[in-house]
Each structure stands twice: as C-alpha cells, then as structure tokens.
Amino acid sequence: MIRIIDLYKSFGQKKVLQGVNLQVNQGETLVVIGQSGSGKSVLIKHILGLLRPDKGKIFIDGVEVTRLRDDELRKITRRFGMLFQGTALFDSMTVGQNVSFGLERYSNFSLEKIQELVKENLAKVGLQGIENLMPYQLSGGMRKRVALARAIAYSPDIILYDEPSTGIDPIRADAINDLIIRMKQELNVTNLVITHDMVSAYKVADKIAMLYDGRIIEVGTPEEIRNTENPVVQQFTHGRAKGPIKNW
Amino acid sequence: MLDSPTWSFIPLKNKKMFQRVKLYHFFSSFILQLGEVGLLLVKILKNLFRRPWEKKIFIQQLEEIGVRSLAVVSLTAAFGGLVFGLQTYVGFHRYIGPGSETYGGPIISLGLCKELIPILVGLMVAGRVGSAMAAEIGTMKITEQIDALFTLGADPTRYLVVPRILASLIMLPFLTVYGDLIGIAGGFFYNVYLMGVNRVLYIRNTLLYIEIWDVISGLIKAAAFGLIIALIGCWQGLRAEGGAEGVGRATTQTVVIASISIVIANFFLSKALPADLGI
C-alpha cells in the first residue's frame with residue numbers, strides 16, 4: 001500500500017505540490033489525471049525516492065521512504081517497476097540488455113534463465129526476436145513496449161506508469177491497457193498510472209484521482225469521476241478549453 | 001540543481017551596487033559549485049570499494065580513454081617533441097655555440113616528461129574524453145536514463161562515475177608514458193637526423209642527466225589531471241538540464257573548466273613536487 005501524506009515540493013519559486021494526500025491500496029489500479037505540468041511526474045518521482053519532498057511523508061507498506069538513505073531506498077525500489085514517459089531506454093545497450101538490466105541486479109538467475117525471461121517479457125508486450133536491436137532502431141511504440149517489458153521483467157509488486165499510452169497508436173495503447181489490467185488480475189500488482197488519456201483512465205482504473213493546483217481535488221471510481229459535479233474535473237475529463245481551468 | 005538567488009529585492013540604485021551584486025553572485029555560485037564537486041567526490045569515495053564493481057563499464061572506459069586517445073596523443077606528442085627539439089637546438093647553437101646542441105637531449109626529455117607531455121595529454125583527453133563524458137551522462141540525465149538506473153537497482157554514481165574516474169586515473173599516466181617516448185623520439189629525430197647533432201653524445205647526455213623521478217613526477221601530474229577531467233566531465237553531465245542546449249553547455253563547460261583546472265593544478269603540482277628525490 002502506498003500512502004502519501006501532505007506532500008509539498010517547490011522548484012525555486014514554482015510551487016508544484018502543495019499538500020498532496022493520496023492512498024493506493026494493495027492490488028488496486030489508481031490513475032492520476034491532471035494537466036501537463038501539474039506535477040504528476042513529480043509525484044511519481046517522490047514515490048520512487050528520485051526526488052525528496054520539502055515537506056510531507058510517503059509510506060510504502062508502513063515504511064516511510066522519504067526518510068531513507070539512498071542505499072536503504074534501493075532495497076525498496078526492487079519492489080517497483082517504472083515505465084518512464086520518454087521510455088528512458090539505455091541507448092548504449094541492446095533491447096535484450098535493457099530488459100535484463102533489472103533482472104541481473106535484482107535476481108540470482110542464471111544467464112540462460114535471464115535470457116528466457118527477457119524473451120518471455122518481450123512476448124508479453126507483443127515483441128519477438130528484437131533482443132539484438134538497439135533502441136534507436138525501434139519505432140516510438142516499440143520503444144514504449146520494450147520499456148514496459150523492462151519494468152515488469154523482475155516481477156515487481158508495484159508498477160508506476162508515466163503516460164503509458166502517449167506516443168503510440170490507439171490499438172497498441174489499448175493493448176497496454178489490457179496488459180495493465182492483466183498484471184493486476186494475474187499477479188495482484190498495485191498499479192499507479194499517470195495519464196491524460198481519459199479512455200485509458202476509464203478502462204484501467206479502479207480509482208481516479210485528479211491533481212490540480214498542487215493538490216488532489218477529487219478521488220473516485222471511474223463512474224463517480226464521470227458523473228462528478230466538480231467543474232474543474234468536468235472540464236478536464238470532457239477536454240473543454242472553456243471552464244474554471246484558465247492557465248493552459 | 002542549485003537555484004540561483006533572486007535579486008529582485010535589491011534596489012539597484014547605481015552601477016556600483018549592481019557590480020557588487022554581480023560579484024557576490026559570482027562568488028556565491030562559485031562556492032556552491034565547488035560544494036557540488038566536493039559532494040560528488042565524497043560519493044565517489046564512498047562507492048569506490050563497494051560491490052558490485054562495474055567491470056564491463058570500467059573496461060569500456062579504459063578503451064575509450066586510453067586506446068582511442070592514442071592517435072591524438074601520438075600526433076601532439078610527436079609535434080611537441082619536434083618543436084621542443086627545434087627551439088632547444090636554436091637556443092644551444094645561438095647562445096652556447098656549435099657542438100653544445102648535444103646537451104639539448106636531457107633538457108628536451110626533462111621538459112617533455114615533467115611539463116609538456118602531461119599538460120598536452122591532459123588537454124587532449126579533456127577535449128576528447130571529458131566532453132564525451134559530459135555529453136553521454138548529460139543525455140542520460142535529460143532522457144531520464146539516470147532515474148531508470150536508480151529504479152533498476154544501480155547506483156548512478158557507482159555505475160557511471162566510479163568506472164570513469166578509475167579508468168581516467170589509470171589511463172592518463174599510461175598515455176603520458178607513451179607520449180613521453182614519442183616526444184623524446186621527436187626531439188631526437190629533429191636534432192640528430194635533421195640537424196646532424198652527434199647521436200652518441202646526444203643519447204649519452206640524455207641518459208646521464210635524466211632521472212627516473214622526472215618521469216614519475218610527470219605521471220603523478222597525469223594521474224591528477226585524469227581525476228580532474230573525469231570528475232568535471234561527470235559532474236557537468238549530472239547537472240545538465242534543459243534538453244540539447246543543456247547538454248551542449250555541459251560539454252563546453254567541461255572542456256573550459258577542465259583545461260583551466262589542469263593548467264592551474266600543473267603549477268601547484270610543479271611547486272609541490274620536489275625537483276629531484278635527492279638520492
């Protein structure tokens with residue numbers, strides 16, 4: 001379970017998070033929606049320990065990660081898989097080396113077993129026979145799927161997705177949505193998804209939270225969010241330029 | 001990484017105050033950046049002996065810094081030796097007289113081993129390798145690859161910085177020994193084969209007056225330059241931000257800062273290292 005309590009973060013004069021409170025339960029898929037630059041990626045980076053908050057706490061199964069030293073934090077990151085917005089594939093490595101990177105560090109499997117798992121995880125995202133290609137030889141959608149294979153390869157129990165459907169065609173995006181749902185159903189994985197894509201959000205979410213003005217302004221089931229009275233959430237979910245959100 | 005202070009609250013009444021503010025800004029950012037390098041150095045020392053050792057990256061870096069710099073070091077050392085040989089010949093011929101040029105051998109060797117070759121190697125590697133380190137790490141930083149390393153269980157300092165520092169520390173002295181040999185050969189070639197200086201006397205004088213400490217002190221300097229280049233390259237790469245422009249800035253800054261630091265460090269090392277061991 002992930003619990004975020006009263007999280008604040010500023011970069012210079014820019015206040016990004018101003019008291020975020022959020023809870024993601026074990027085996028649940030929570031989707032965080034919000035405008036570009038609203039601090040969604042900053043929020044996810046705090047959970048991973050990549051950023052330290054100015055104020056506030058984050059607990060992962062009761063352990064406060066915001067106070068841990070880097071080496072202690074690295075033990076916890078074993079539990080996380082992260083799909084980065086821009087894929088963050090290591091461009092000096094082949095696809096196979098990218099996918100096996102976490103496996104080599106987080107497991108004691110033999111080389112043969114690791115290679116087998118690399119193939120298996122690439123197959124899960126619909127890719128085969130590309131282990132020896134370099135990331136620059138792949139299309140945007142393929143890169144995204146390789147990054148996803150890398151994030152799930154060592155069987156983490158919490159997976160964080162930063163804009164999983166951005167930059168790929170609607171059919172592939174839907175395949176990734178199915179994979180997120182399957183990971184939760186088969187492995188009881190906890191998913192935290194950040195997205196603008198409301199189709200994807202409604203499909204995969206158990207709960208949706210909206211981040212606006214540095215705070216979570218609404219949390220609810222997809223149905224509750226769809227029927228909300230909150231004008232800010234309504235404007236965002238319906239994709240309207242006119243409404244209370246002015247600074248776009 | 002570290003935000004610049006905001007000066008909007010200071011009433012800029014006159015030019016003098018503005019200059020004072022600028023001077024204060026310059027010194028405060030200098031101190032902050034020095035602190036960043038210091039903190040990185042502490043992290044490196046902490047991670048130096050911790051497992052897992054990144055052997056593959058270390059070997060890649062040995063090749064990148066050492067083997068791939070051989071061509072550029074060969075060229076600069078050869079021409080450095082030739083021009084040093086030329087000026088020494090002119091100096092002896094003009095001021096001491098014909099026949100005294102054979103004493104140019106030890107002077108060329110001393111100058112090359114203690115000063116010119118370590119500096120040339122340092123500057124060449126700073127331009128070739130230091131900038132590449134900043135560009136590679138900087139690109140990894142802005143494309144979130146460093147964050148990905150962290151989430152996949154690798155300590156970015158241990159994975160990216162430590163192998164580069166170690167490889168640079170080791171390869172710079174090797175490149176300097178290689179450059180010394182090429183440079184001395186260049187000086188020898190100019191004096192003996194082009195200007196007809198007596199070969200036997202030239203070699204005898206060189207062997208008679210050159211000491212092993214002259215070579216070793218140059219290697220100590222080279223190791224220090226290696227540390228400076230890798231440290232600055234990695235530091236600039238890690239603090240790169242703002243896309244391609246940021247990476248470009250980090251690369252340029254690395255070459256400028258590393259080159260200046262090498263020249264300054266060379267003076268202090270020359271002053272600190274004894275002229276000979278007095279044996």
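Student: Before we start, what should I know about the numbering and the model?
Tutor: Residues count from 1 along each chain as its sequence is written, while chains are lettered from A and ligands numbered from 1 in the order in which they are written. This is a predicted model, so local features need pLDDT of at least 70 and side-chain atom pairs count only at pLDDT 80 or more, but totals for chains, interfaces and linings use all residues.

Student: How do you know what confidence the predictor has in chain B?
Tutor: Look at pLDDT, the predictor's confidence in each residue, from 0 to 100. Chain B has a mean of 91, and 94% of its residues reach 70 or more. For the complex, the predictor gives an ipTM of 0.89 and a pTM of 0.86.

Student: What makes up the secondary structure of chain B?
Tutor: Helices (H or I, at least four residues) and strands (E, at least two) are DSSP runs, numbered from the N terminus. By that rule chain B comes to 9 helices and 0 strands, so its pattern reads α-α-α-α-α-α-α-α-α.

Student: Why is Ala88(A) called buried?
Tutor: A residue is buried if 20 or more other C-beta atoms lie within 10 Å of its own, exposed if 12 or fewer, and partly exposed in between, with C-beta atoms placed from the backbone. Ala88(A) has 26 C-beta neighbours inside 10 Å, so it counts as buried. You'll find Ala88(A) in the loop between strand E6 (80-83) and helix H3 (95-106) of chain A. Ala88(A) also has a positive phi of about 55 degrees, although it is not a glycine.

Student: And what makes Glu163(A) buried or exposed?
Tutor: Try the cut-off again: Glu163(A) has 20 other C-beta atoms within 10 Å, so it is buried. Glu163(A) is in the loop between strand E7 (158-162) and helix H6 (170-187) of chain A. Its phi is positive too, about 50 degrees, and Glu163(A) is not a glycine.

Student: What is meant by the largest nonpolar core?
Tutor: A nonpolar core is a set of buried Ala, Val, Leu, Ile, Met, Phe, Trp, Tyr and Cys residues joined through C-beta atoms within 7 Å. The largest one here has 128 residues, and Val31(A), Ala149(A), Leu160(A), Ile229(B) and Cys234(B) touch the most other members. Helix H4 (residues 104-142) of chain B gives the largest share of this core, 16 residues.

Student: How do you know that the core lies between domains of chain A?
Tutor: Domain bounds come from an automatic or database domain assignment. Domain 1 (1-79 + 157-248) and domain 2 (87-155) of chain A both give residues to this core, so it lies between them. The C-alpha centres of these two domains lie 25 Å apart.

Student: Which residues count as contacts of Ile229(B)?
Tutor: Two residues are in contact if their C-beta atoms, placed from the backbone, lie within 7 Å. Leaving aside neighbours within four places in sequence, Ile229(B) is in contact with several residues, including Gly122(B), Val125(B), Ser168(B) and Ala258(B).

Student: How many residues of each chain are in the contact between chains A and B?
Tutor: Chain A gives 16 residues and chain B gives 12. On the side of chain A that touches chain B, H3(A) gives the most, with 4 residues.
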